[in-house]
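Subject: Structure for you to look at

Hello,

I am handing over a structure that will be new to you. Please open it beside this message and read the two together.

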Amino acid sequence: MSKRSGPLAPGVAFIIGGARGLGNAVAVSFAKEGARGVVLVDIQDEQTFAEGQKNVEEYGTECLRIRADVTKEADVEQAVQQAVEKFGRIDYAANFAGILGPRDPISEISLPEWQKTQDVNSTGMLVATKYEMRQMMKQASIDGIEEGRVPQQGSIVNCASVNSLFSVAGTVAYTASKHACHGITKAAALEGRTHNIRVNAVSPGFLPTKLVEMGEDEEANEAWKTLWRGLTNRQGRNATLEEVGDVVVLLSLPRMSLVNAQNLFIDGGFTINAGNF
Ligand SMILES: NC(=O)c1ccc[n+]([C@@H]2O[C@H](COP(=O)([O-])OP(=O)(O)OC[C@H]3O[C@@H](n4cnc5c(N)ncnc54)[C@H](O)[C@@H]3O)[C@@H](O)[C@H]2O)c1
């Protein structure tokens, strides 16, 4: 028997929502662990995309940028195709595109805003999963599976949120979309397992990204700061984006062969903590 040598995650990573924030942290974690290629898929502006790419390339990893909107099925199909043209396959997909959506009570909710949130956060994730699975179903297992372990044709990690379990008043669109993430993940996992594809979700707690910035409104900002303090207290401490990125890499490894359809909370104990809130 020999000791493991070489990188932890030698395959090709395909990250939707990968230009910035948590998706970019996932991309960087894959780069750190030796991914052969990293694909960043997003709708971001040129500068943000370039910064996201630089973060990945700092680890000597080849990085492909693809502009694609998850609300457009043809974009997602094309993105998968371009990634495969460049790197030959997709071993680890991570679906991290997301928006916060309206912060209104249900009595005031605007249906187009509700719909936009579902289009990005849940239907977008479904479409991403569809084309990622199609690719993974036709490729061979990643090399280097240890003796006695099952092959892995691919792993998909979908980004949900603690809002896939709980809710806060005024977040109906986001909460519903994140509950749907886990539903999509469960069904995909049961279909994927006959093809050696695992599909799991992760549910981060509270991370300081652009998604949770409140803009210029001072009153809204003060209220948000107070809420954020309560949320991070309940989480136990401030968290770093890297802590989410690293979990996604670990969850994507063939070593996690029996872990399928799960929703892994990356929240320092937030969801089981009934205090400090
Ligand atoms: N920040 C948090 O506290 C937190 C907690 C739990 C879950 N999340 C989830 O993490 C994921 C990443 O969010 P983030 O916090 O890093 O915020 P972010 O805004 O920095 O990242 C979201 C990314 O998704 C991209 N995106 C949005 N709409 C898209 C579309 N139609 N097509 C393609 N890409 C699109 C954005 O351009 C952006 O790069 C989201 O799914 C979010 O719901 C965030």
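This is a predicted model: local features need pLDDT of at least 70, side-chain atom pairs count only at pLDDT 80 or more; totals for chains, interfaces and linings use all residues.

Helix pairs

Two packed helices are described by the angle between their axes and the distance between the axes.

Start with helix α1, residues 21-32, and helix α2, residues 46-57. Their axes are 8 Å apart, and the packing angle is about 25 degrees. Angles under 35 degrees count as roughly parallel, so α1 is roughly parallel to α2. The crossing of α1 past α2 is right-handed. On the α1 side the contact is made by N24, A27, V28 and A31, and on the α2 side by G52, N55 and V56. Sorted by class, the residues of this contact are four nonpolar and three polar, with no charged ones. On the spacing of contact residues in general, an α-helix has 3.6 residues a turn, so residues three or four places apart point the same way.

Helix α1 also packs against helix α7, residues 241-252. Here the axes come within 8 Å and cross at roughly 55 degrees, which makes α1 oblique to α7. This crossing is right-handed. From α1, the residues L22, A25, V26, V28, S29 and F30 meet L241, E242, V244, G245, D246, V248 and V249 of α7. The contact of α1 with α7 holds nine nonpolar, two polar and two charged residues. V28 is listed in the contact with α2 and again in the contact with α7.

α4 passes α5 in a right-handed crossing. The residues that α4 brings to the contact include W114, Q118, M125 and M133, while those of α5 include Y174, K178, C181 and I184. By class, the contact of α4 with α5 has ten nonpolar, seven polar and two charged residues.

The ligand

Which residues are closest to the ligand? They are G17, G21, G98, T209 and L211, out of 27 residues that surround the ligand. The shell divides into 14 nonpolar, nine polar and four charged residues.

Helix α6 runs over residues 218-235 and has 18 residues. From its first C-alpha to its last, α6 reaches 25 Å, close to the 26 Å expected at 1.5 Å a residue. After α6 comes G236, whose phi is positive, near 105 degrees.

Regards

Notes. Residues are numbered from 1 along each chain as its sequence is written. Axes are lines fitted to C-alpha atoms, for helices over the stretch in contact, and angles run from 0 to 180 degrees between N-to-C directions. Helices (H or I, at least four residues) and strands (E, at least two) are DSSP runs, numbered from the N terminus. Angles under 35 degrees count as roughly parallel, over 145 as roughly antiparallel, 65 to 115 as roughly perpendicular and the rest as oblique. A crossing is left-handed if the near helix is turned anticlockwise from the far one by less than a right angle, and right-handed if clockwise. Two residues are in contact if their C-beta atoms, placed from the backbone, lie within 7 Å. Ala, Val, Leu, Ile, Met, Phe, Trp, Tyr, Cys and Pro count as nonpolar, Asp, Glu, Lys and Arg as charged, and the others, Gly among them, as polar. A residue is near a molecule or strand if its C-beta atom, placed from the backbone, lies within 6 Å of it. The expected span of a helix is 1.5 Å times one less than its number of residues.
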